[in-house]
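Work through the two exercises below with the sequence and the 3D structure at hand. Each task is followed by a solution in steps.

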Amino acid sequence: MKRKTSKARQASRRAVRREGKRVAVIGTGYVGLVTGTCLAEIGHHVICVDRNPDKVKKLQKGISPIYEPGLEPLIKKNLKAKRLEFTGDLPAAVKASDILFIAVNTPPRPDGKPDLSHVAHVARQIAESAENYKVVVDKSTVPVQTGQKVKETLKAYNPHRLDFDVVSNPEFLREGSAVMDFLKPDRVVVGVENERAAQVMRELYRPIRAPFIVTDINSAELIKHASNSFLAAKISFINAVAEICERTGADIAEVARGMGLDERIGPHFLRAGIGYGGSCFPKDVSAFIAIAEELGSPFDLLKAVQRINDDARQRFIKKIEEALWVVKGKTIGVWGLAFKPNTDDMRNAPSITIMEYLLSEEARVRAYDPQATEKAREILGGKVEYVDTPYAAVKDADALIIVTEWEEFQKANLKKVHSLLRQPLIIDGRNLYDPAEMKRLGFIYRAVGRPR
Ligand code: UDX
Ligand code: UDX
C-alpha cells in the first residue's frame, strides 16, 4: 500500500513537471527569491521579477544576492533547466504567467503599521498589464483584510474588465533554513474566495507533502500575524523567566528544558538571550498591535512582548557595563552580527543596538561574522574593525561579547580563546556554553539567566 502511494506521488510529481504551471513572482528578496526558486524546483515555470536591475543581472548569472544555505545551487540548477528566469519587465512576466505572486517588502512605518505601498503598486501594475484571467497570490506579510484591498485595486485599474482571483498564501520561511521550510513545510496555508482559486493552488503545491489548509482570505492573513506574534511571545516569555532566574540563582536552560518537555508547550522558541530581531518578528508584532488597536481590540499582551524584547537588549548592555566597569578605551571582540545564524541579514539585528552602545562609549570594537560583515559595514560604518576569524577578534581584547550563535562559535577552541584574550571575560547573549565548564576553563562567564 505504502509503495503504491509513493508511486502515485512520483507520477503526480512527474505530471506537474510536464504540465508545470506558469508562475511569476514579483519581488526577489529573501522571500520572493526562495519562493520562485523552489516553485521552479518542484516543476513549474517561474519568472522572477525585480525592479532592481543589479539584482536581476546577478540572478541571471546564477548568483544569489543574499546568503541563504542551499539557495544558489537551486537557482543555478533551475536556470539551466530553463524552469527559472529573471527579469525587470513586469508587464511581460504578467502576460506570460497564470499565477502571480506578490512578494515585495512590507517594511514598518513609524506608526508601527506596515507600509503597503509596494503591494498596492504591484497590484496596480498587474491589473494594467494582464490580458486574461489571473490568480493573484499575496505572499508578502500583510494585515488582515489586505486581500480585499488588493481585489479592489485590481478591479479599479483593470482596463479590460478581467476576472481575477485573489489568494493569501503566507510564508513561514525562516532565514537560514528557508529552502527546506519551503520544500518541507509544517503546513501550506491558502486563503481563497472560491473553489476555482483553491484548485489552482492545490495543483501548484501538489508535489509538496504537507497539510494543505484552505481558509477564507482574512483567516489566512491572520494565521500569519498570529503565528509570528505567538512565537515572539514565547521568546519574550522565556526572556522574562530568565530575568527571574538571574535574581534567584535558577538556571534558564533547565527551566526551559523542563517546560519544553510538556508536549503542550514544546521545546522550540524557548531559547533565552538578547531577544528577537530580523525583518519579521519586530515588524509583525508592531503591525498586529496596530491592527488590533485600529479594530478596537487592543492587544496588550503583545505590547508586553515588545517591551520585554526591548528590555532584553538593554539588560544585556547593562551586563556588559557591570562586567567591564569602564567601557571607554577597552578593546571588545564581538562574535556574530547577523540577527540569527546562517544568514547575512542585519535587519533589526540586536547587534546593531549593542555595537552602537559600544561605539558611543568609545570602545575599540573588533567584530567577526561569517557572512554579515558587508551588510554590517553599510549600517555601522567604518568605526568597527572587521576581522576574518573569530580568534582575530579576541586577540588582546578585554572581553568577548557573543551576539549570534553561529555553529562555528559553539565549536570554537576555548583554550585558544582564553590564551588570546587580555582578560578571560566572555559575555554571552546566546547561552552557548556550560557555565560550570567555563569556570573550569578559567573564564569569567556571564550568560543570560544562567547561574554564575
Ligand atoms: C518579505 C515580505 O514580502 C515581507 O512582507 C515579509 O514580512 C518578509 O519578507 P523580503 O523578501 O524580506 O520581504 O523583502 P526584501 O528582501 O526587501 O525584497 C523585496 C524585493 O522586492 C526587493 O528585491 C525589491 O527590489 C523588490 N521590489 C520592491 C520590486 O521588485 N518592486 C517593488 O515595487 C518593490
Ligand atoms: C520568522 C518566522 O519564524 C518564519 O516563519 C517567517 O514568518 C519569517 O519570520 P526568521 O525571522 O527568519 O523567521 O527567524 P526565526 O528563526 O523565527 O528567529 C527570529 C528571531 O528570534 C531571531 O532573532 C532569533 O535569534 C530569535 N530567537 C528565536 C530567540 O531569541 N529565541 C528562540 O528560541 C528562537
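**Exercise 1.** How much area do domain 1 and domain 2 bury between them, and what percentage of it is on carbon and sulfur atoms?

*Solution.* This is a predicted model, in which local features need pLDDT of at least 70, side-chain atom pairs count only at pLDDT 80 or more, and totals for chains, interfaces and linings use all residues. Residues are numbered from 1 along each chain as its sequence is written, and side-chain values use heavy atoms, without hydrogens and water.

Step 1. Locate the parts: the domain assignment, automatic or from a database, gives domain 1 as 13–215 and domain 2 as 273–446. Their centres, taken over C-alpha atoms, are separated by 34 Å.

Step 2. Find the contact (heavy atoms within 4.5 Å): 20 residues from domain 1 and 21 residues from domain 2 take part.

Step 3. Read the buried area, which is the accessible area (1.4 Å probe) that two parts lose on being put together, summed over both. Domain 1 and domain 2 bury about 1,400 Å², with 54% of it on carbon and sulfur atoms.

Step 4. Of the area that domain 1 buries against domain 2, 42% is supplied by Tyr-30, Tyr-67 and Glu-175, more than any other three residues.

**Exercise 2.** At roughly what angle do the axes of helix H10 and helix H13 cross?

*Solution.* Step 1. Helices are DSSP runs (H or I, at least four residues), numbered from the N terminus; H10 covers residues 217–248 and H13 residues 300–324.

Step 2. Axes are lines fitted to C-alpha atoms over the stretch in contact, and angles run from 0 to 180 degrees between N-to-C directions. The two axes come within 9 Å and cross at roughly 45°.

How values were computed. Chains are lettered from A and ligands numbered from 1 in the order in which they are written. Helices (H or I, at least four residues) and strands (E, at least two) are DSSP runs, numbered from the N terminus.
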